[in-house]
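Morning, everyone. I have one structure to walk through, and I'll keep it quick. Please look at the screen.

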Amino acid sequence: MRKKKVKIFLKKWSAVLIAAFFAILFLMPIILTITNSFMASSEISSNYGQVFASGSTGGKTYISEKVNLKFIPDMVSFSQYITVLLKSPDYLFKFWNSVILVAPIVFFQLMVAVLASYGFTRYRGRIKEIIFFTYIILMLMPYQVTLVPNYLVSSWLHLLDTRWAIWLPGIFSPFAVYLLTKFMRRIPISVIEAAQIDGAGEWQIFRRICLPLCKGCLCSVAILVFIDYWNMVEQPLILLSDDTMHPLSVFLSKIKNGEIGLAFAVATIYMIPTLLVFLYGEDYLVEGITYQGGIKG
Amino acid sequence: MKIRNWLAAGIVVITTLALAGCGGKGKEENVPEAAESAKDDFIYVAEYETLGEEGYMVGNVMSGDEGTIYFVGGKDNQTKLFVRKMDGSQEEIPVDLAENTVISVIGKDTEGNLLLGLETYDQLGGMESKTENVTIRKISPDGTVLQDVDTGKAMVKDDSFYMQSLLEDKDGNYYVCLQNSICVIKQDGQPYCEIDVGTYIGSMFSVKGEKVLVSYFGDVAYEVQEVDLAGKRLKALDVPITFEYGTYLSGGELADILYTVGTKLYTYNLGDEEPVEILNWVDSDIDSGNLRDFQILADSRVVAFSMDWSSDEPKAELAVLTKKNRAEVPEKTVLTYGTTYIPYFAKADVVAFNKQSDKYRIEIKDYSEGDKDYETIVSLWSADMSSGNGPDIIDMVYSPVELEELVSMGVVEDLNPYLDKDADMNREDYVENALKAYEEDGKLYAVMRCFGVETMIGKESDIGTGTSWTLDDVMALMDSKESDVELFEYTTKYNALQMMLAINGDKFVDEENGTCHFNDGEFIKILEFANRFPQEVTYDQNGPSDVEKIRKGKLLLLKETVTSVQQYQLYENKFGGAINMIGYPTSGESGTMITPNGTTVAMNVNSKNKEGVWEFMKFLLDQERQENLQSANAGFPVMKSALEKQFEKDMTAEYYEDADGTKKEMPKATWTSGASGEVTVEVFAASQEQVDRIRQMIETAGAARIDSQIFSIIIDESQSYFDGQKKAEDAAGLIQERVQVYLNEKR
Amino acid sequence: MKRDKNKRKRGRKISSIFLAPSILGVLVFFVLPFFVVIFYSVVDNPINHQFVFLDNFKMVFTNAAFRQAASNTMKFSAIAVPLAVALSLGLAMLLDSKMPFKSQFRTFFLTPMMVPIASIVLIWQVLFHYNGMVNDITSLFGMGKIDWLKSDHAQIVIIVLFLWKNLGYNMILFMAALSSIPKDILEVAILESAKPWQIFWFIKIRYLSSTLLFVTIMSLINSFKVFREIYLLTDDYPYPTVYMMQHFMNNTFGKLDYQRLSAAAIMMSLVMVVIIGILFLAENYFGRDVEG
């Protein structure tokens with residue numbers, strides 16, 4: 001009996017150890033980002049200078065000195081944050097740009113998608129399956145392929161250089177439709193049929209039964225869509241020639257030498273909304289993915 | 001449940017805020033848009049007038065009240081003061097000058113009177129005359145002398161004494177702007193202080209008599225500072241504007257500061273958030289590079305004064321710009337000139353073309369306008385080009401995409417048919433090699449107005465008289481000398497590699513079969529050669545000049561772009577003997593390269609006004625334009641006859657009479673070098689042999705063509721060899737593999 | 001009966017109305033551009049618009065760089081996607097067992113999703129730099145220095161990057177699925193003294209099959225998204241083993257070569273259609289199997 005206890009104990013803690021090992025690997029970059037943002041720029045450049053020292057052609061070059069990866073700053077410095085938050089309003093402005101670009105996309109993409117996925121769930125037929133399949137293919141298209149056609153379509157519709165050029169393709173992106181449909185199709189048909197027998201119309205079924213069941217899933221999809229667009233780089237670059245409209249992610253995607261310290265601070269600030277979304281929504285991420293209200297999984 | 005509600009509420013709030021903010025933003029953004037459309041409705045139409053009196057050279061110029069222009073005219077060491085009023089009348093204001101005294105500079109006080117900076121010399125004319133006395137005289141606009149302030153020699157520190165501008169503040173202090181310092185003089189002529197700026201002062205002006213501002217190119221950026229009289233120093237002026245090199249500023253009557261950045265005129269009032277854009281000089285056919293002074297009048301007219309040095313006789317031009325409704329102005333077909341940077345020569349060519357053409361006007365589209373990084377510029381440029389909205393005229397020097405890529409996507413028009421069809425043009429009239437520089441597969445894709453020749457120069461005694469040499473020859477030369485002898489000055493491993501690749505880079509690539517051989521011995525030799533140079537060099541300001549090093553035998557070669565015969569003569573002088581422009585080391589072929597040195601343009605296939613584009617090209621290649629290149633080192637004209645004419649001029653001596661009446665040959669060009677200008681080289685008329693050498697070099701020169709992508713891969717990978725991380729063979733192997741991927745992709 | 005049929009018809013119509021906004025938007029912003037892509041793929045260049053039919057496809061297909069990119073990408077997906085599925089399933093099982101700090105670990109595993117690309121690229125570069133941390137660690141074990149991003153090891157780096165980014169989310173998907181396995185079935189199995197591997201294989205995997213395919217599709221999607229990081233990490237023309245489809249496309253895009261870009265994209269979509277089609281069919285098959 002005692003032996004068994006020891007065995008369970010060992011098993012339990014070896015699992016913790018394995019998990020801890022992975023956790024450290026997974027956590028490292030985020031911790032590095034945060035701690036490095038509290039380093040003075042001189043410390044940063046002495047640590048990483050060589051990685052990003054660039055030749056006059058702009059290519060990254062590698063110089064043979066030690067590259068330090070440090071977790072703890074020699075001296076905690078807020079200078080990067082002071083620059084980002086106080087000295088240069090540009091960053092906050094760009095942060096606000098990100099919010100303006102992303103929030104409507106998340107909100108309306110979900111609205112459009114939840115309706116569409118209901119449409120895909122009910123009365124499945126061959127045509128709908130083909131359309132749904134097309135959605136998946138379109139979802140998998142790499143951005144380089146669609147960027148120029150998108151540019152052309154935007155210019156035909158006179159959306160170029162306005163935020164609509166980012167918003168509209170974002171709102172109608174098939175990604176959320178795919179995820180939500182996958183989820184909704186798991187709602188047992190019996191639940192819906194019961195409502196139907198009670199005389200509920202399609203709208204009522206959608207509003208009263210599907211939507212409440214989907215709430216968790218909606219949250220988890222919202223998180224994914226948010227993360228996706230929060231980090232977008234290429235679309236604004238091409239579709240918005242006025243860089244005062246560019247989101248912060250565009251700045252973050254190209255760090256120049258000397259801006260690395262700043263980039264860490266900006267990245268940390270940029271992570272805050274994602275962090276909040278995660279803290280509030282993590283449980284939904286787990287629960288929302290699989291339908292659990294029915295009889296079967 | 002609670003969290004869920006919070007989240008939903010949060011998203012809704014953010015969305016509303018975003019939309020509201022956007023709505024608000026939208027409005028804000030509409031303002032400049034509206035302003036822009038308003039700006040589009042109006043255009044400033046310029047009327048030009050050559051300023052000056054017959055026979056007088058225009059010297060210092062100042063704009064007074066209501067558009068009056070005061071200027072100094074000089075003739076035979078005599079100076080006179082003139083005034084040009086807005087009604088077009090021009091007259092002399094009599095100024096009583098003592099013997100050997102000239103008006104050097106004019107300025108104004110705060111009450112509408114004029115200030116004259118008078119310099120008295122020990123003798124007039126000649127190169128060695130010295131300033132004996134400086135007087136600041138205040139006169140009323142009609143010429144009545146109000147006050148003479150004698151400052152003696154207080155301000156004159158050395159021979160380089162030169163007054164740039166002059167003004168008086170409301171407290172009666174005089175400010176004199178010298179080259180690198182500001183002198184403040186009290187009413188009684190006693191100097192109050194001299195503030196040394198330490199660098200050349202761009203301009204000094206007063207803001208409504210209250211503040212005196214000084215602009216100059218500081219350590220990192222163009223700066224505007226305020227004179228702090230109490231502290232006898234300059235103090236920072238907090239303005240949210242970024243100025244660029246070449247900014248010209250002045251104090252205005254309607255606005256605190258008027259300034260020109262790039263091609264645009266702005267006004268700015270101290271304390272405002274942003275400047276106001278007034279106009280684009282190019283739209284009014286004014287080359288902002290020549291501007292000297294400008295003023296906005298109460299009736300919104302703009303008076304601009306510019307000096308054009310491009311022809312032999314400098315032209316002083318006054319332009320009066322009147323704001324007119326676009327509809328009233330006869331419509332011209334608009335051509336766009338696309339570039340990622342506006343060089344001075346392109347600006348000048350475009351303005352000159354616009355001025356003389358009554359059918360077309362070119363508008364410059366600068367893709368780098370605004371604060372964009374290079375990647376954004378390139379993607380905007382590419383998106384425009386590929387969707388068929390590209391500019392009519394493509395600047396080839398500042399195109400972010402290379403000619404080959406433009407050709408392969410079919411964006412650039414073959415110019416040969418135009419050249420052949422045009423009755424006014426004859427292919428044989430132009431330097432063959434210069435045309436070839438942008439020729440591919442028998443098609444001509446771009447034309448340039450003038451060119452330079454990139455080469456390596458050394459003593460004949462060191463490098464022989466051959467027309468080309470190999471890397472082995474260079475290494476042998478290096479090995480034959482002491483170890484402290486430099487091959488080139490201030491050359492890093494990277495520079496050396498870059499240099500070698502410029503002409504040899506394409507040798508390792510077989511375009512036809514899409515293969516490359518960087519991993520063979522030849523390329524490794526180049527890497528090893530580059531590795532002989534230091535990792536880093538620091539420019540030693542107090543070190544010996546290149547001439548000293550050459551004369552002592554410590555420096556063997558110069559790598560230069562030769563743009564004039566005078567330059568060649570300079571090198572002969574520097575090396576103190578026969579020189580050879582041998583070119584870069586190659587494996588037999590010529591190592592000199594023709595590079596564009598002036599406006600170089602291609603025609604967009606999608607242009608709706610190809611005739612217009614050709615008009616512009618013709619204009620660049622036109623005899624008149626070819627024979628009047630902007631300045632001494634502008635380069636060689638591509639037209640053979642113009643080139644010969646230039647050579648002719650280079651060989652003809654010009655003379656002047658000095659104070660004693662002896663005839664002396666006038667130098668064609670003067671160079672100074674060394675930390676404090678201790679080495680001065682004067683170049684006189686060239687000999688037939690010198691010109692022949694230049695001619696021969698032009699005739700044998702090839703064209704530089706290095707693929708920038710391959711280049712950047714090489715630079716990237718060779719770094720680890722230079723750092724000692726890898727062997728040359730390994731670095732070359734990596735280069736080989738990466739370039740191969742690139743070549744495969746291109747096929 | 002007839003009433004019922006009418007009702008179904010009505011329902012069908014109404015459900016189409018639900019679909020309308022999305023389909024309209026997708027048509028304009030995704031399908032229309034896709035037709036532009038098709039158009040580009042059969043003309044000689046975006047300026048002339050001369051019809052050349054399959055020339056572009058032939059040119060791309062015979063292009064050595066395209067083949068290399070395609071094979072590298074396939075290799076990458078073939079290794080990384082199954083690894084991502086297997087490892088995340090392992091992690092999910094680990095966390096599913098009774099262990100302390102369960103929810104904390106779960107959160108930790110999700111953090112890579114939050115880190116902005118800039119930090120990722122920066123930190124990866126420092127880690128795998130020639131003088132970076134990974135080489136420091138390996139040298140502790142007496143291994144020589146490796147230029148990670150410029151050698152045959154580069155593929156390992158990008159696979160690690162991909163796994164690091166995506167394991168967390170996949171794990172969550174599996175955890176959700178695991179928790180939805182009816183407890184009574186497991187209890188019955190334990191009572192019948194089934195061995196752990198039997199429980200895993202015959203019960204868990206069977207119930208997870210639908211999720212497995214879903215995770216595979218999501219991983220495939222994400223394996224395309226991770227290219228942005230790879231691209232930023234390795235430059236336009238990297239070491240040949242990490243020259244990916246995305247490099248090919250990005251570079252042809254940069255060179256304004258749309259006809260080739262479009263042809264490559266269409267070929268890629270065709271492959272995608274086949275893969276997704278197989279997965280789709282498989283999922284439908286297995287999904288039904290579990291449902292009854």
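Start with Val184(B). Leaving out residues up to four places away in sequence, Val184(B) touches Asn173(B), Tyr175(B), Tyr192(B), Cys193(B) and Leu229(B). Contact here means that the C-beta atoms of two residues, placed from the backbone, lie within 7 Å. Val184(B) sits in strand β12 of chain B, residues 181-185. Helices (H or I, at least four residues) and strands (E, at least two) are DSSP runs, numbered from the N terminus.

The cut-offs: buried is 20 or more other C-beta atoms within 10 Å of the residue's own, exposed is 12 or fewer, partly exposed is in between, with C-beta atoms placed from the backbone. One more pair. Val184(B) and Lys232(B) are 48 residues apart in sequence, and their C-alpha atoms are 9.2 Å apart in space.

A word on the source. This is a predicted model, where local features need pLDDT of at least 70, side-chain atom pairs count only at pLDDT 80 or more, and totals for chains, interfaces and linings use all residues. Residues are numbered from 1 along each chain as its sequence is written, while chains are lettered from A and ligands numbered from 1 in the order in which they are written.

Now, confidence. The model scores ipTM 0.83 and pTM 0.70. pLDDT is the predictor's confidence in each residue, from 0 to 100. Chain A has a mean pLDDT of 78, with 83% of its residues at 70 or more. In chain A, residues 53-65 fall below 50, yet this stretch has 36 contacts in the model beyond near neighbours in sequence. Residues 292-297 of chain A are also below 50, with 13 such contacts.

Chain C has a mean of 81, and 94% of its residues reach 70 or more. Within chain C, helix α12 (258-291) is lowest, at a mean of 76, and helix α3 (64-96) is highest, at 90.

Next, an interface. 81 residues of chain A are in contact with 80 residues of chain C.

Last, two backbone angles. His158(A) is not glycine, yet its phi is positive, near 60°. His158(A) lies in the loop between α6 (143-156) and α7 (164-171) of chain A. His158(A) counts as exposed because it has 10 C-beta neighbours inside 10 Å. Tyr490(B) also has a positive phi, near 40°. Tyr490(B) lies in the loop between α8 (471-480) and α9 (493-504) of chain B.
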